[in-house]
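Good morning, everyone, and thank you for making the time. Please bring up the sequence and the model on your screens, and I will walk through a few places in turn.

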Amino acid sequence: MKWWQKAVFYQIYPRSFADGNGDGIGDLAGMISRLDYLKDLGVDAIWLSPHYPSPQVDCGYDVADYTAVAPEYGTLDEFRCFLDGLHERGMYLILDLVLNHTSDQHPWFIESRSSKTNPKRDWYVWHPGQKHGPPNNWLSAFGGSAWEFDETTGEYYYHYFFKEQPDLNWHHPDVRNAMWDSVRFWLDMGVDGFRLDAVGTIFEDPSLPDHKAGVTQDDLYRMDRLAQTAAEHARVARLWEEMYQPQHDQPGIHELMQELRSVVDEYPDRVLVGETDDLTYYGDGDNELHMVFNFPLMRTRRLTADWVRKNQEERLAGIPSKGWQCNPLGNHDCGRIISEFGDGQHDEEIARLNLAILLTMKGTPFLYNGEEIGMTNASIENPSDFRDPLSSQAYEMEIRLMGAPPEQAAVYASQRGRDKTRTPMQWENAPYGGFCPANVKPWLPVNDNYQHGVNVHDQLQDPNSLWWYYQRILEVRRENPALREGEYEAVVFQDDHILAYRRVSPEQACLILLNPTAEIRFLDLKHSGFAYRIVYSHHPLDVMDSITLQPWDVVILDESGFQRDSC
């Protein structure tokens, strides 16, 4: 099997992970200082969110240079030091690759907008528009028209996201060549692959048809805010799809992914991970992306036995035989998992159970920095502290469309935006969580719960902490080949509230038993035909033919052994 099939990935949000030079912004020097921390935790690979030069309109996803490092993060030499440090410790590194658009400050776009005859004019999507405005009624996913009028040449350019993020014209061969050269730049340096941002938005319908949703973005916002029933939420989703259908997942995208795959295949053992849950991006399993995210797993408030079983049945059935899934529960664009999946009373117990699910399911797990200490959604209630434009946008819409008072609008906007999950890593019980010096204000506010045990230093002193649980379950996965490589087989007991499945590899077979409920569950194994060795259990187990599963319990059994001991 490939390294990326057996690995556990850990996403680093560079601006918030570790401040090495004391300016309140995370950087490469900080990451380098934490290399041993990553190794000790037990992760195998790092996904680094954008580290490129950027005006930071969209938190680094507006790239101004694809082959450099943002000055506030460091230098190329420091990047090489970080990469080499990971490789020396047996770990891998993949980078974010933003294909759909650049920053409007990228030299390519500066040239493109300078005149209609510039050689790079057609590197972006330009249109003269209609008599009274833009060429159609397309909208930006981040609000407003998808067309921005540029006075220099009197034409409109297209942007699926913010107006500061003009879309590249991937039909132009020079764009492809330039982007593939950027890919090779990092692969030549030794980077192990890429996570592809927003791959579905690369092409648009060339006939430029108007969308037929029949509602405005303001209408859709109101409907979303007022929706209460499943049917109402489904209607919002349907209208959203009608509004943006001509702007994503258009013909040509799979041929482009095959072209990118051929570039990456020039280098041995590299990987492509797509920010999509569309299984067609696997191609035939060997000619497009190596992995796409199992985002449907996350779209629930609770990982019940039924939810996980159905997810695995549907996803694994749709993946080509040579394909391999990857499983996330959180990332920089959604809420912290302890906040999103908790019940307000048993949040840490549920977090431990969910980690066990993630690390024992078939597929490659993706973790997000700060999960291992139970970082929660931060409430940033002063609009002047917002750094995510989506928070500022929601603040304005709450006041204008919903009639909310400013204080209430700020609370909602904080949770609607993405700042809540991008706050600085909490390293110790010290000012600003030890992220930066006490006399320097960090780029985003730090969650105050660093004072109450949600920090690395305090948890390292407590063998029962969430950090040590992460370290132990990562070790269990690493030591048992069935959990990394095995095939998945659903197991349903009489009590179907119990989540059970087998992972079977040539070397080993494991039975995983999980109780995702607040009630005690009883399980009879005496007729299973197996003698078990306990690989892991939350609680001591003495009788192997009758198991009592405590609330949120985790038990992992090896079917090929006979020893009856408990971890």
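Let me begin with a question: how are helix 5 and helix 7 oriented to each other, roughly parallel, roughly perpendicular or oblique? Before I answer, a word on where the values come from. This is a predicted model, in which local features need pLDDT of at least 70 and side-chain atom pairs count only at pLDDT 80 or more, while totals for chains, interfaces and linings use all residues. Residues are numbered from 1 along each chain as its sequence is written, and side-chain values use heavy atoms, with hydrogens and water left out.

Now the answer. The axes of helix 5, residues 76–88, and helix 7, residues 173–189, come within 11 Å and cross at roughly 55 degrees, where axes are lines fitted to C-alpha atoms, for helices over the stretch in contact, and angles run from 0 to 180 degrees between N-to-C directions. Helix 5 and helix 7 are therefore oblique to each other, given that angles under 35 degrees count as roughly parallel, over 145 as roughly antiparallel, 65 to 115 as roughly perpendicular and the rest as oblique. When I say helix or strand, I mean DSSP runs numbered from the N terminus, H or I of at least four residues for helices and E of at least two for strands.

On the helix 5 side, L76, F79, R80 and L83 meet F185, W186 and M189 of helix 7, and contact here means heavy atoms within 4.5 Å. Sorted by class, this contact has 6 nonpolar, no polar and 1 charged residues; Ala, Val, Leu, Ile, Met, Phe, Trp, Tyr, Cys and Pro count as nonpolar, Asp, Glu, Lys and Arg as charged, and the others, Gly among them, as polar.

By class, the contact of helix 8 with helix 14 has 6 nonpolar, no polar and 5 charged residues.

Stepping back to the whole chain, there are 18 helices and 18 strands. The radius of gyration, taken over C-alpha atoms, is 24 Å, close to the 24 Å that the globule rule (2.2 Å times the number of residues to the power 0.38) gives for 567 residues, so the chain is as compact as a globular protein of that length. Of those 567 residues, 59% count as buried, with buried meaning under 20% relative accessible area, exposed over 50% and partly exposed in between, for a 1.4 Å probe and protein chains only.

Turning to the strands, an open sheet of 5 strands has the order 12-13-14-18-16, with antiparallel pairing, and two strands pair if DSSP finds at least two bridges between them. Its edges are strand 12 (487–491) and strand 16 (533–537), each of which pairs on one side only. From one strand to the next, the twist averages 20 degrees. Helix 17, residues 466–479, packs on this sheet, touching strand 16 and strand 18 (554–558), and its direction makes about 150 degrees with that of strand 16. Within the sheet, strand 13 and strand 14 pair in the antiparallel sense over 6 bridges, and the bridge partner of A500 in strand 14 is L513.

Strand 6, residues 155–158, has both faces covered, with E155 and Y157 on one side and Y156 and Y158 on the other all buried. Strand 5 joins strand 6 by 4 bridges and runs antiparallel to it, and the two form a hairpin with 4 residues between them, where G154 in the turn has a positive phi of about 70 degrees.

C59 has a positive phi of about 55 degrees although it is not a glycine, and C59 is buried, with a relative accessible area of 7%. L208 also has a positive phi of about 55 degrees without being a glycine, but L208 is partly exposed, with a relative accessible area of 21%.
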